[in-house]
Amino acid sequence: VSKALVNSTKRHANPDKAVAVARSLRRVELARIAAADLLGLMSVQQVCHELSTIWDAVLEAALRAEVRAWCNESESLPPARIAVIGMGRLGGMELGFGSDADVIGVADPVPGQDESDAVRWAIGIVDKLRLRLSKPSGDPPLDVDLGLRPEGRSGAVVRTIASYERYYRQWGESWEMQALLRAAFVAGDHEVGERFLDMIDEFRYPADGVSEAVIRDIRRMKARVDNERLPRGADRNTHTKLGRGGLTDIEWTVQLLTMMHAHEYPQLHDPSTLRVLDVLEKEEIIPPSQVQDLRAAWLMATDARNALVLVRGKRVDQLPTPGPQLAQVAGAAGWPPEENQEFLESYLKLTRHARKVVDEVFWGEAESFEHD
């Protein structure tokens, strides 16, 4: 499917046309995956993997369309090679319905080209790609989020590998090293992407493990997320992302364990939350029963979040109270709609168990931090 999507955009010199074709094929794929999900023909893992695969293909097609249009217009060859690195759930191939694509851009100037000119060109290409993908249309929006790049919103949209290395070495903060755990190549020049990933390994998987100071930093940041990010009026028990035992709780716990043990277990060098959970269980880094609690809650929260989007037609993280709306969500998640109360009770039970693990494993002796 990915190859077909990319190939079908090749014959369009106009990038608007190429992106329109990519978006319409994505819409068809979204409908296929949603139908398979609603009919119970696809596991949660497969749904997430297929949604991520489509995003990768759309990014590849859009990047090629921008570069092709520039080459045709300027009648010259590109001054740099560009790699798009997926971050967050895109990097882990675990996107849900309604997820943005978190990415960062890497440019490798072609020999003989002025570096600052080549990087400026690559920034222009990525900016155009992002704007073209986010243009309003009849399709679900395609938001490319570059917020995880160095210096955030004020930082350069694209950098060279050497520039990233300099930044991470001199100014990289704990949360940025944590974000790099889920970095993976998703589009553009494969060789440039691999070189970037090799470079960041030193920062995300330090040879001697992470310091106590970094662990304290991560815990302090999580306490802030818990206290500040939950939307006003949200119910902490049933917010699938930021709630008690929800996705953020589980993913931060998995990432902290990776930071603490990746130097001992190379199998933890993996951007996927679920695959890291498999390693944690197999190697008994924490008791297997705790891993099983985290995995069950992650799958349930992801499934519930996907069901919310399919029912509401937009990104929603809060489960409704028992009644007709919850019945629809339960139905979309594969439960008999009349058993929506049982669906909710199952969700509450699984996330409660996960939160107990988070309290023991993530917070550990760190009870001095204010967390809920």
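Tutor: In this predicted model, a residue is called buried when its relative accessible area is under 20%.

Student: Why is Tyr167 called buried?

Tutor: The relative accessible area of Tyr167 is 7%. The cut-off is under 20%, so Tyr167 is buried.

Student: What makes Tyr168 count as buried?

Tutor: Tyr168 has 5% relative accessibility, and the limit is under 20%; therefore Tyr168 counts as buried.

Student: Why is the aromatic pair of Tyr167 and Tyr168 called edge-to-face?

Tutor: The search of the whole structure finds eight aromatic pairs. In the pair of Tyr167 and Tyr168, the centres are 5.7 Å apart and the angle between the planes is 75°. Centres within 6.5 Å make a pair, and planes over 60 degrees apart make it edge-to-face. Both tyrosines also belong to one aromatic cluster with Tyr164, Trp171, Phe196 and Phe203.

Student: What makes the pair of Phe362 and Trp363 edge-to-face?

Tutor: The ring centres of Phe362 and Trp363 lie 4.9 Å apart, with the planes at 80°. Since the angle must be over 60 degrees, the pair is edge-to-face. Both residues are buried.

Student: How do you know that Arg26 lies over the face of Trp55?

Tutor: Arg26 is at 5.7 Å from the ring centre of Trp55, and the distance criterion is within 6 Å. Arg26 in H2 and Trp55 in H3 are among the residues that meet between these helices.

Student: Why is H2 called roughly antiparallel to H3?

Tutor: Helix H2 (residues 15–38) and helix H3 (residues 44–74) pack at about 175°, with axes 9 Å apart. Angles over 145 degrees count as roughly antiparallel, so H2 is roughly antiparallel to H3. Their contact has 15 nonpolar, no polar and seven charged residues.

Key
Residues numbered from 1 in each chain as written. Predicted model: local features only at pLDDT ≥ 70, side-chain atom pairs only at ≥ 80, totals over all residues. Heavy atoms only, no water. Phe/Tyr/Trp six-rings, centres within 6.5 Å; stacked < 30°, edge-to-face > 60°. Buried < 20%, exposed > 50% of the residue type's maximum accessible area, 1.4 Å probe, protein only. Lys NZ or Arg CZ within 6 Å of the ring centre and 35° of its normal. Axes fitted to C-alpha atoms, helices over the stretch in contact; angles between N-to-C directions. Helix = DSSP H or I, 4+ residues; strand = E, 2+ residues; numbered from the N terminus. Parallel < 35°, antiparallel > 145°, perpendicular 65-115°, else oblique. Contact = heavy atoms within 4.5 Å. Nonpolar A, V, L, I, M, F, W, Y, C, P; charged D, E, K, R; others polar.
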